[in-house]
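This report covers a protein model, taking up its local geometry, its strand pairing and its nonpolar packing in turn.

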Amino acid sequence: YCVVVAGNYAYVADREGGLAILRMLRDKVTGSIPTTGGALLSTSGDASFVFPNGAFTQTVTLTYRHLWTDENTGALAGIGHTLDLSGIYSDTGQSAHLVRGQAYTVTVRYSEAEKGPAIEATLGFYWWDGSAWSQEGITSTVDTANNVIMAQVDHFSLFTVLGHTRRVYLPLVTKNY
């Protein structure tokens, strides 16, 4: 019997039940968006997703998950807003997609403490392309006076908010005495 936490996952070993892998979440919200459009809000109100009329050809059930930690950020700094947005068609249960040429608006509100070492003006939305964070196809704007970042997005994915830092990594030199 053992529990090990690594990144956003908890690995729970049970002698009789085997291994369970659990993803740790800060928040999870599910809601329906009809063909006429609508919005999905996080529990705390710090994240919103607004879909225009005609974004979908049929009603979609969306699931928003706010992950506990930022992962694989490389040289960029995460601000604690890594989220997963997925959708299924309500009547078939099949994966949903936006109508070609449609996009939705994602808005994230953040605090000064969450911003941490990130240079605020460089914050942007990124999506996970399977091997790295990418900004391709995403247009982000930052309102530094109100601590809000908005983006136009045309697909569902794992997303995060990242920014550049002024961190300097010095080489480590050791000597044998």
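## Asn-147

Asn-147 is buried, with a relative accessible area of 11%; buried means under 20% relative accessible area, exposed over 50%, and partly exposed in between, with a 1.4 Å probe and protein chains only. The residue lies in the loop between β12 (139–143) and β13. The phi of Asn-147 is near 55°, a positive value in a residue other than glycine.

The model is predicted: local features need pLDDT of at least 70, side-chain atom pairs count only at pLDDT 80 or more, and totals for chains, interfaces and linings use all residues. Residues are numbered from 1 along each chain as its sequence is written, and side-chain values use heavy atoms, with hydrogens and water left out.

## The open sheet

Strands here are DSSP runs (E, at least two residues), as helices are (H or I, at least four), numbered from the N terminus. Two strands pair if DSSP finds at least two bridges between them. Five strands form an open sheet with antiparallel pairing, in the order β5-β6-β9-β13-β12. Its edge strands, β5 (38–41) and β12, each pair on one side only. From one strand to the next the twist averages 15°, with axes taken as lines fitted to C-alpha atoms (for helices over the stretch in contact) and angles running from 0 to 180 degrees between N-to-C directions.

Thr-141 has Met-150 in β13 as its bridge partner.

## Strand β10 and its partners

Strand β10 (residues 124–128) is largely enclosed by the rest of the structure, because four of its five residues are buried. It runs antiparallel to β14, and four bridges join the two. Gly-124 has Leu-162 in β14 as its bridge partner.

β10 also pairs with strand β11 (residues 133–134), again in the antiparallel sense, over two bridges. Here Trp-127 has Ser-134 as its bridge partner. The hairpin of β10 and β11 has four residues between the strands, and Gly-130 in this hairpin takes a positive phi near 110°.

## Nonpolar cores

In soluble globular proteins, nonpolar side chains tend to be buried together. A nonpolar core is a set of buried Ala, Val, Leu, Ile, Met, Phe, Trp, Tyr and Cys residues joined through side-chain atoms within 4.5 Å. The largest one has 33 residues, of which Phe-49, Phe-51, Leu-85, Tyr-104 and Phe-156 touch the most other members. Elements giving two or more residues to this core include β4 (25–33), β6 (47–51), β7 (60–67) and β8 (77–89). Five residues, the largest share, come from β8.

A second, separate core has six residues, among them Leu-67, Leu-76, Trp-133 and Leu-158.

## Aromatic pairs and Phe-156

Rings of Phe, Tyr and Trp (its six-membered ring) pair if their centres lie within 6.5 Å; planes under 30 degrees apart count as stacked, over 60 as edge-to-face and the rest as tilted. By this rule there are seven aromatic pairs. One of them is the tilted pair of Tyr-104 and Phe-156, at 6.0 Å centre to centre with 40° between the planes. The pair links distant parts of the chain, 52 residues apart: Tyr-104 is in strand β9 (residues 104–109), and Phe-156 is in the loop between β13 (148–153) and β14 (157–163).

Both residues of this pair, Tyr-104 and Phe-156, are buried. Together with Phe-51 and Phe-56 they form one aromatic cluster. Not counting residues up to four places away in sequence, Phe-156 is in contact (heavy atoms within 4.5 Å) with residues including Leu-62, Leu-85, Ser-86, Gly-87, Ala-96 and Leu-98.
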